[in-house]
Amino acid sequence: MREYTKFYIDGQWVDPVELKTLDVENPATEKVCGRIALGSTADVDHAVAAARRAFTSWSQSSRAERLDLLQSILAEYQRRADDLADAVSEEMGAPPALAAGAQVQLGIGHLVTAIDALKNFSFTEQRGETLVTREPIGVCGLITPWNWPLNQIAVKVYPALSTGCTMVLKPSEVAPFSAYIFTEIMAAAGVPAGVYNMVNGDGPGVGVALSSHPDVDLVSFTGSTRAGVAVAENAAPTVKRVTQELGGKSANIVLDDDAFADSVAAGVKAMMVNSGQSCNAPSRMLVPNSRMEEAVAIAHAVAEQVKVGDPADAKAIGPVASSAQFTKVQGLIEQGIAEGATVAAGGAGRPEGLDTGYFVRPTVFAHVNNQMTIAREEIFGPVLCILGYDDLDEAVEIANDTDYGLAGYVSGADIDAARGIARRIRAGWVAINHAFDLNAPFGGYKRSGNGREWSDAGFQEYLETKSTLGYGAGAAAG
């Protein structure tokens with residue numbers, strides 16, 4: 001049983017102003033596996049004050065000092081990798097291979113990428129007699145979700161440190177264990193007091209206090225579109241910068257070519273990763289109507305091979321993260337059935353033999369139209385919708401007919417055709433044949449948010465631009 005009832009403020013583990021606790025459940029067992037303290041406005045005030053004090057010196061730190069710190073964090077993170085994996089397995093119910101693999105390794109990958117980006121990032125630019133300088137924005141409130149807990153912490157904390165900002169992190173109360181260990185890593189790596197602070201809590205108790213705080217200069221939020229709107233509303237009176245990475249309902253356009261079978265199979269497998277709990281999941285697969293039944297047969301075969309809840313199988317998927325998420329996913333599966341979609345694999349209820357845990361059957365709906373609820377709403381579970389198109393113009397129209405614009409996918413052997421389709425998809429992150437690149441700016445159009453994360457693109461969100469006129473030519477780049 002984990003007991004995490006202190007917060008990390010000003011370089012010290014401290015007690016909450018008033019102790020209120022929350023039990024944390026392992027979604028694979030439905031048993032309480034730990035408890036955390038829930039913060040309040042008073043705790044946020046203390047953390048923000050510490051970050052404000054630390055900003056005076058950390059904002060003036062050199063590139064070399066920041067690089068040294070990031071290297072120290074990398075060494076400590078690698079040393080604690082097994083501890084992080086154990087934490088993710090408990091808080092997410094994630095199979096060991098996923099926890100020790102992508103969940104933990106993305107935190108390393110983003111750190112290595114940030115280090116490389118910082119080495120060559122230009123903080124100054126000469127424009128004639130004017131010097132343009134990019135300076136740290138100030139104190140940052142970082143609010144992260146439960147689905148990829150370490151990834152989302154990494155893409156906020158590393159850029160903030162790299163650019164000279166200070167911060168207060170509020171990790172998800174659903175999956176808080178890995179964040180606590182991450183904070184131990186930051187302390188052991190020697191992050192200066194007040195530069196990094198962590199307050200556990202829920203949205204009403206800590207999230208609102210952070211996003212509305214007058215001494216917070218930026219709030220970076222990842223989560224649902226509904227919650228993102230609330231964060232922006234809370235931030236508006238203080239005119240702070242808000243960056244948001246929100247929901248998605250991403251289309252995967254499968255081309256009618258020789259790679260069709262492989263493309264369909266890859267799309268099903270990609271949808272099931274992390275039990276479908278990814279904002280950029282390829283949840284709408286678009287296939288030619290003339291090959292719909294072929295696609296359904298392939299998708300059925302692939303989905304039926306996905307094992308659920310088997311810790312010995314490296315490819316098995318785990319549960320969804322909570323009882324509330326399980327109820328939501330089951331409700332949307334039932335709604336899909338009620339609205340007339342064809343269940344090609346899976347369906348409502350738990351997988352056979354799993355009576356405990358928030359496990360969902362890997363589900364494929366076929367003959368879905370884009371007006372059905374399951375094609376419009378983000379399900380956030382292992383549920384794939386297959387829609388048909390008559391020609392590529394219609395495919396693009398369907399792909400873009402969504403409130404979201406986080407990601408898009410094009411799958412097929414014809415790279416020129418794929419490139420042409422990718423250019424027409426209205427989304428911030430479009431992958432051809434499920435390509436992946438940590439240097440690619442990540443973020444969305446429309447109601448999927450604003451701003452970008454990952455690599456040097458993430459640095460920009462944490463910087464203000466200053467123009468010094470009459471500075472004179474020949475200023476040294478920095």
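The model is predicted, so local features need pLDDT of at least 70 and side-chain atom pairs count only at pLDDT 80 or more, while totals for chains, interfaces and linings use all residues. Residues are numbered from 1 along each chain as its sequence is written, and side-chain values use heavy atoms, with hydrogens and water left out.

**Helix packing**

A pair of packed helices is described by the angle between the axes and the distance between them. Here the axes are lines fitted to C-alpha atoms, for helices over the stretch in contact, and angles run from 0 to 180 degrees between N-to-C directions. Helices (H or I, at least four residues) and strands (E, at least two) are DSSP runs, numbered from the N terminus.

Take α2 (residues 63-79) and α5 (residues 149-162): they pack at about 155°, and their axes are 10 Å apart. On the α2 side the contact (heavy atoms within 4.5 Å) is made by Arg66, Leu69, Leu70, Ile73 and Tyr77, and α5 brings Leu150, Tyr158, Leu161 and Ser162. Sorted by class, that contact has seven nonpolar, one polar and one charged residues. For the sorting, Ala, Val, Leu, Ile, Met, Phe, Trp, Tyr, Cys and Pro are nonpolar, Asp, Glu, Lys and Arg are charged, and the others, Gly among them, are polar.

Next come α3 (residues 81-92) and α6 (residues 177-188), whose axes come within 8 Å and cross at roughly 160°. So α3 is roughly antiparallel to α6. From α3, Asp83, Leu84, Ala87, Val88, Glu90 and Glu91 meet Phe177, Ser178, Ile181, Phe182 and Ile185 of α6. The class count for α3 with α6 is seven nonpolar, one polar and three charged residues.

**A three-stranded sheet**

Strands of a sheet pair through backbone hydrogen bonds, parallel or antiparallel. In this model, β6-β7-β23 is the order of an open, antiparallel sheet of three strands, where two strands pair if DSSP finds at least two bridges between them. β6 (124-127) and β23 (463-468) stand at the edges with a single partner strand each, so one side of each has no neighbour in the sheet. From one strand to the next, the twist averages 20°. Strand β7 (residues 130-136) is joined to β23 by six bridges, and Pro136 has Leu463 in β23 as its bridge partner.

**Single residues**

Buried means under 20% relative accessible area, exposed over 50%, and partly exposed in between (1.4 Å probe, protein chains only).

| Residue | Relative accessible area | Class |
|---|---|---|
| Asn200 | 1% | buried |
| Asn274 | 6% | buried |
| Thr21 | 34% | partly exposed |
| His367 | 39% | partly exposed |

Asn200 sits in the loop between β10 (196-198) and α7 (203-212). Beyond its neighbours within four places in sequence, Asn200 touches residues including Phe7, Ile36, Ala37, Leu38, Pro171 and Tyr180.

Thr21 belongs to strand β4 (residues 21-26). With neighbours within four places in sequence set aside, Thr21 contacts Thr5, Arg35, Ile36, Ala37 and Leu38. Thr21 and Tyr4 are 17 residues apart in sequence, with 9.3 Å from C-alpha to C-alpha.

Then the backbone: Asn274 has phi near 55°, a positive value in a residue other than glycine. Asn274 is in the loop between α9 (260-272) and β14 (284-288). His367, in strand β16 (residues 363-368), also has a positive phi, near 55°.

Note on methods:
Parallel < 35°, antiparallel > 145°, perpendicular 65-115°, else oblique.
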